[in-house]
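This report goes through one chain, from its overall make-up to a handful of individual residues.

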Amino acid sequence: MTATLILVLALSVLIGLSLGVLGGGGSILTVPILVYVAGFEAKEAIAASLFVVGVTSAVSVISHARGGRVMWRTGLIFGAAGMAGAFVGGLLGGQIPGQILLIAFAIMMVATSVAMLRGRKKNGDAPPVKHELPLGRVLLDGAVVGLVTGLVGAGGGFLVVPALALLGGLPMSVAVGTSLVVIAMKSFAGLAGYLTTVQLDWGITLGVTAAAIVGTLAGSKLAGRIPEAALRKAFGWFVLMMGTFVLIQQAPADLRWFIAAGIAALAAGTAGICWFFISSCPLRKRSGRPDTVPSTA
């Protein structure tokens, strides 16, 4: 039991690290840790994850705010719209089979990861600038993201960050910091609903929260130092791996190994292409600097 608790706490540091660096992934990591390692029931794990992710996100926001990486107006309005959308999504989700929701969840994660790895198309040479987003855009994006996260039952960081970075044009580090405001708001709103019917093991829940806070403090410092492109790629690969895992889990048992092998082969090939194309491809560098450094070959 002691060894299990130590393992749970060690893994919980990763929850905070993910939230602090990537602005998402908290619920995706917390629920499996609580169910498969700590032995929580599914509903208890979901409720506990909302507490862990909500508190951890709120703490992480402080560090990001000090670093100037939080757009408060955008985050608060996005969060409010997201809470309303999540309520509607939760109502609709109760009418849809769970397996279909999880498959849709995984497909959406994969699509999101591809968008993050590709980045914004032709945004000129100017880098993203920190700015508050238009009210109408924030309300619309927040409601849509909330609707989707209400349907699939996740915290939404894996959608909030791309919405702010790709659609809103915010720098990744600012999108990460601002997303934590949204995640905290939606997590506490969801927790309030769950606590009406679910009892938590507060000892383990508080222990996991404390360990996650340690991770998020380290992650918040790293987020401000990691280059924009590297942070976006890290988020993209993380979401891609988690989406793939969920897809495999929802496949028929006798096909899981076959699907996993196919995905692994595809991922290996894609990783090789991505390594050269995204990280060090001369063509990509030429597209950004050829006008200033013409070839003399």
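What percentage of the 297 residues of the chain count as buried? The share that counts as buried is 44% of the 297 residues. The model is a predicted one.

## Overall make-up

The chain holds 12 helices and 0 strands. Read from the N terminus on, its elements run α-α-α-α-α-α-α-α-α-α-α-α. Among contacts between residues at least 6 apart in sequence, 83% join residues that are at least 24 apart. The chain exposes about 14800 Å², and carbon and sulfur atoms supply 71% of that area.

## The largest nonpolar core

The largest nonpolar core has 48 residues, and I15, F78, F158, V208 and F235 are those with the most contacts inside it. The elements that give two or more residues to this core are α1 (2–22), α2 (26–37), α3 (42–66), α6 (135–152), α7 (157–167), α8 (172–194), α9 (202–223) and α10. Helix α8 gives the most to this core, with 8 residues.

For I15, the contacts beyond four places in sequence are with G26, L29, T30, I33, V52, V208 and A212. One of these partners, V208, is also listed among the residues with the most contacts inside the core.

S57 lies in helix α3. S57 counts as buried because its relative accessibility is 0%, and the limit for buried is under 20%. Its contacts, neighbours up to four places away set aside, are L19, L180, I183 and A184. Of these, L180 is 123 residues from S57 in sequence, yet the two C-alpha atoms are 5.2 Å apart.

E44 is another residue of helix α3. With a relative accessible area of 18%, E44 is buried, since the limit is under 20%. Beyond four places in sequence, E44 is in contact with V198, Q199, L200 and D201.

T205 has its place in helix α9 and counts as buried, at 1% relative accessibility. A polar atom of the T205 side chain lies 2.8 Å from the backbone oxygen of D201. Leaving aside neighbours within four places in sequence, T205 is in contact with F40, A48, F51, V52 and L200.

V176 is found in helix α8. Its relative accessibility is 0%, so V176 counts as buried. V176 and R69 are 107 residues apart in sequence, and their C-alpha atoms are 7.9 Å apart.

Is I103 buried or partly exposed? Its relative accessible area is 31%, so I103 is partly exposed; that class spans the values between 20% and 50%. I103 lies in helix α5 (residues 98–118). Setting aside residues up to four places away, I103 touches L247 and Q250. L247 is 144 residues from I103 in sequence and 6.1 Å from it in space, C-alpha to C-alpha.

A251 lies in the loop between α10 (228–250) and α11 (256–279). A251 counts as buried because its relative accessibility is 9%. Not counting residues up to four places away, A251 touches R256 and I259. The separation of A251 from I103 is 148 residues in sequence and 8.9 Å in space, C-alpha to C-alpha.

| Pair | Separation in sequence | C-alpha to C-alpha distance |
|---|---|---|
| S57 and L180 | 123 residues | 5.2 Å |
| I103 and L247 | 144 residues | 6.1 Å |
| V176 and R69 | 107 residues | 7.9 Å |
| A251 and I103 | 148 residues | 8.9 Å |

## A nonpolar surface patch

Which residues make the nonpolar surface patch of about 390 Å²? F87, V88, L91 and L92 make this patch. L91, one of them, is found in helix α4 (residues 72–93).

How values were computed
Residues numbered from 1 in each chain as written. Predicted model: local features only at pLDDT ≥ 70, side-chain atom pairs only at ≥ 80, totals over all residues. Heavy atoms only, no water. Helix = DSSP H or I, 4+ residues; strand = E, 2+ residues; numbered from the N terminus. Buried < 20%, exposed > 50% of the residue type's maximum accessible area, 1.4 Å probe, protein only. Contact = heavy atoms within 4.5 Å. Patch = residues over 30% accessible without salt bridge, like charges linked within 9 Å, V, L, I, M, F, W, Y side chains within 5 Å. Areas by Shrake-Rupley, 256 points an atom, 1.4 Å probe, with all protein chains shown as cover. Salt bridge = Lys/Arg side-chain N within 4 Å of Asp/Glu carboxyl O. Core = buried A, V, L, I, M, F, W, Y, C linked by side-chain atoms within 4.5 Å. Polar contact = N/O pair within 3.5 Å; in protein donor to acceptor, adjacent residues only side chain to side chain.
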